[in-house]
Amino acid sequence: YTHFTLDIGSTIDWEKEPVARLAGVPQVVVAAAQVITDFRQGELFDLEVSLDESPECISPDAAATRPDEIEWLLSELSRLRVRLAYVAPHLGFHKGGDAADGDQQEQLKALAARLHTIALDHGSLLSIHSGDYLSRTTRRTLGKACTGKLLFKVSPSIQDLYVEAVLSDDPNLGVKWKDWTVWYASAQGSAARSADQVFRKYAFVAFGHGGFEMRKRLYSASESAVRTFRQSLQRYLEELSEDLFKK
């Protein structure tokens, strides 16, 4: 790996005012960066800090990263000789949420544009986390605000495309996969949910993390399933590119 993300939401004192709530963050980042530096033994790496994970008890508006917070954090880290390749702000909606149309889109555009400019001034790119859950309208708003210069993180959506391709091609495998996943979630003490909800959350644990008995079966998916997945993935990436990076 050459890209390391520090999710530092748990080190933010969310009860305090903006900027003051970040007081303990720089030292945490410096310490983590030193661990990675030692591990890499001199090889370069990209460091990212994410502020987008906030407690549910804090309103999205209150959790939103302010321009003066990004300015202070990047300046302080620069003083401590740590440069971030990427910084992922909280954009005013919780993970899994989205910006509403109208005024909220305009507010998001203004905030993202300001954060983007500050990040660039410090040699960093703005990073958008939980991109899977954002509408095309919001993606286009962010693309325009950042003039196509940003990092956009997606993950479960790509997994979902693979799941859909495999299940449509081999329903029998789907049954075994779901049964294993529900068993695994139950063994981990997961709260009771429907089988479909459990499967959506834990399906990819079957590739590892105690689920190696499923790995061979999943990695040997048929050529038609793989072809379907690649076609779906290409369409998805083209859509993302059009929304985010098209001038």
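**Aromatic pairs in a predicted model**

Modeller: In this predicted model, W177 has a relative accessibility of 0% and counts as buried.

Colleague: Is F199 buried or exposed?

Modeller: Buried means under 20% relative accessible area. The relative accessible area of F199 is 6%, so this residue falls under that cut-off. F199 is therefore buried.

Colleague: What kind of aromatic pair do W177 and F199 form?

Modeller: The ring centres of W177 and F199 are 5.3 Å apart, and the planes stand at 85°. Planes over 60 degrees apart count as edge-to-face, so the pair of W177 and F199 is edge-to-face.

Colleague: Which helices hold W177 and F199?

Modeller: The two residues are 22 residues apart, and their pair links distant parts of the chain. W177 lies in helix α7 (residues 171–187) and F199 in helix α8 (residues 195–202).

Colleague: How many aromatic pairs are found in the whole structure?

Modeller: Rings of Phe, Tyr and Trp pair if their centres lie within 6.5 Å. A search of the whole structure on that basis gives a total of six.

Colleague: What is the angle between the planes of Y162 and F229?

Modeller: Y162 and F229 form an edge-to-face pair, 5.4 Å centre to centre. The angle between their planes is 85°.

Colleague: How many residues apart in sequence are the parts that Y162 and F229 tie together?

Modeller: Y162 is in helix α6 (residues 156–169), whereas F229 is in helix α10 (residues 223–245). Y162 is buried at 13% relative accessible area, and F229 is buried at 16%. The parts tied together by this pair are 67 residues apart.

Note on methods
Residues are numbered from 1 along each chain as its sequence is written. This is a predicted model: local features need pLDDT of at least 70, side-chain atom pairs count only at pLDDT 80 or more; totals for chains, interfaces and linings use all residues. Side-chain values use heavy atoms; hydrogens and water are left out. Rings of Phe, Tyr and Trp (its six-membered ring) pair if their centres lie within 6.5 Å; planes under 30 degrees apart count as stacked, over 60 as edge-to-face and the rest as tilted. Helices (H or I, at least four residues) and strands (E, at least two) are DSSP runs, numbered from the N terminus. Buried means under 20% relative accessible area, exposed over 50%, partly exposed in between (1.4 Å probe, protein chains only).
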